[in-house]
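The points cover the contact between the chains and then the pockets.

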Amino acid sequence: MIAQILVGLIFLITLWLIFSEKLNRTIAGFGGATLMVSVGKALQFYDESHAMEAVDFNTLGLLLGMMILVALLEPTGFFQFLAVWAGRFSRGRPVVLLALLGTVTTLVSMFLDNVTTVVLIAPVTILICEILGINPLPFLITEALLSNTGGTATLVGDPPNMLIASAAGFAFNDFLTHALPVVLVVWFAALWLLRHLFRHELAVQPTNVAAVMKLKPHESLDDPKTAWRVLVVLGAAIILFFLEEPLGLSQAFIAMGAASAALVWVRPDINELLRRIEWGVLVFFAALFVMVGGLEASGVLNKLVTLLEHLHAAPPALLGLALLWFSAGLSAFVDNVPITIALIPVLQGLSADGMDVGPLWWALAFGAGFGGNATIIGSTANIIVANVSERTRTPITSDLWNRRGLPVMLLTCALASVLYLLLYTLFTA
Amino acid sequence: MKRKVFSISASSTIREAAALIVEQRIGLLPVLNKQGKPGGVISLSDLLKLELPDFFDLLPDLDFVRDFGAVETTRPTPNQLDRPVTMIMQPITFVEENCGLLRAYALMVKHNLYDLPVVSEEGVLVGLASRVDIAAAILATWKNVEASRP
């Protein structure tokens, strides 16, 4: 009992430190994980070997592999190239530019890290808008919202999806058959709503279309050879993701294999490349896994699952909707990674207790994916475009985000709920 | 070293500083406090930062942009120009009159300066030495170096 109280306290205090941003999340996680193992060793219910087993190396390997591919692609100018291409192709028409930049950001963030995509595309977006003489704000907000939404479609699109896939044993193709159809509908609805919400800004006629037409996309591509090589490897990795089940490959193996193939082919300055890897994120994930392992070993999770036992009586579809809105509501204010990591063992516990949690995993994926759109702090991509916009004449304020992002979050979650109910049998499969 | 130094008081605006630089074709404007002592400097680049949009810093390169379109015609806002110079002035790096040539040159290289304010022992601004002034004074000493024997 003492163990359970102590472990529960350590977990809650760590989560509070992370969510209140009193302490950097990686440092908080690191400290929390160490405390968890220390208490476990002292009370003899959790030790180093258990902690190692608790770490989900499939997720970490997948993340690291994808991070290496992004780090290789980043300096080639590929992201800049895509944004410049979108600018030229739109011929300066604001609505077309909005749709194209939104599409490009979404497609890239379906396979690569959302944050890197937004970090690299947002400055070029501002440049194109400033050249045209139009307000960049609608375009920046749209990029963040659509990349959050689009990332929900694939296994590698967003870290919560990687975590859910690893815990539930979902394959890459499961996301294409279950999440992608919902995201497609929701994405178009979000784009339509954004177009409506920004109708006044988008009605302004650009004054300098000719200047944008002088931009040459290929000139913005600094290292086409490396970009081509990384894209070939990324394409091969995506094909292997499709075939992961028949070939019996793990997601981590495919991602790490692709990363090593790209490294051998490109042969970059390895130290410089490794500096671009977000080690803090990997350490944070590992620390949370160790903490959740402690929760499990101490029996806290069992207690929680017993408390939730009456949920068995609830209609499963309603339970899914409740989880979707619960995780979306939380994701609006805090990082969706700790939310997902904390909810995963609860779902696993319910599953061990005999409940069919298949549909709940998808509800969690949609909630965690779409919820972050609601507020300026809901996702890292939102925070980044807000920071970047401070260098323009129209900085994005929290109040403005609430008036544009929150309706998008509500619409996407409502539509996802309707589709969830309509396609419920699909999610139970 | 130039003894006739143009300077500006701490209560002047950015607009006044820019006008003086344009009128006198100078690159560095010491900002003097009420006692006539330099409290900071305004350089051409401090003023031109207001002309270059902030987001340029975020872009790894701009080589591919042939025409800046509407950016070419954007100017600082009246609010920006009517702020006091103290808002954008940089800390001053100066030397005393008796400072050695090499120290003066090293300071300019280290702080990426093209003009170096020179002050008296009392700390009052007495002149402005340009990089050319100091470099020429150093190079002039080379004529005393003996020619090497064949």
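1. Three salt bridges are counted between chain A and chain B in this predicted model. In one of them the side chains of R391(A) and D57(B) meet, with 3.3 Å from N to O.

2. Five residue pairs are in polar contact between chain A and chain B, both residues of each pair being at pLDDT 80 or more. On chain A, α5 (78-89) and α7 (114-132) each supply at least two residues of the side that touches chain B. The largest share of that side comes from α7(A), with seven residues. By class, the side of chain A that touches chain B holds ten nonpolar, seven charged and five polar residues.

3. The extent of the interface can be given in two ways. As contacts, 22 residues of chain A meet 18 residues of chain B. As area, chain A and chain B bury about 1,700 Å² between them, and 65% of this is on carbon and sulfur atoms. Within chain A, the residues that lose the most area to chain B are L127(A), E219(A) and R391(A), which together make up 35% of what that side buries.

4. The largest pocket holds about 880 Å³ of space. Its lining counts 41 residues, and those nearest the centre are R25(A), V115(A), D335(A), V337(A) and T380(A). Helix α4 (residues 57-73) of chain A gives the most to this lining, with four residues. The lining of the largest pocket divides into 23 nonpolar, twelve polar and six charged residues.

5. The second largest pocket holds about 740 Å³ of space. Of the 31 residues that line it, L304(A), L308(A), A342(A), L343(A) and V346(A) are the closest to its centre. Four helices of chain A, α1 (2-19), α18 (300-307), α19 (316-331) and α20 (336-352), each supply at least two residues of this lining.

6. Which helix gives the most to the lining of the second largest pocket? That is α1(A), with eight residues. By class, the lining of this pocket has 28 nonpolar, two polar and one charged residues. For the largest pocket, the charged residues of the lining number six.

Note on methods. Residues are numbered from 1 along each chain as its sequence is written. Chains are lettered from A and ligands numbered from 1 in the order in which they are written. This is a predicted model: local features need pLDDT of at least 70, side-chain atom pairs count only at pLDDT 80 or more; totals for chains, interfaces and linings use all residues. Side-chain values use heavy atoms; hydrogens and water are left out. Contact means heavy atoms within 4.5 Å. Buried area is the accessible area (1.4 Å probe) that two parts lose on being put together, summed over both. A salt bridge is a side-chain nitrogen of Lys or Arg within 4 Å of a carboxyl oxygen of Asp or Glu. A polar contact is a pair of N or O atoms within 3.5 Å; within protein, one must be able to donate a hydrogen and the other to accept it, and residues adjacent in sequence count only if both atoms are side-chain atoms. Ala, Val, Leu, Ile, Met, Phe, Trp, Tyr, Cys and Pro count as nonpolar, Asp, Glu, Lys and Arg as charged, and the others, Gly among them, as polar. On a 1 Å grid over the protein atoms alone, a cavity is a set of points where a 1.4 Å probe fits but cannot get out, and a pocket is an open set with protein on both sides within 12 Å along at least five of seven lines; lining residues have an atom within 4 Å of a point. Grid points are joined across faces, edges and corners, and a volume is the space filled by probe spheres set on the points.
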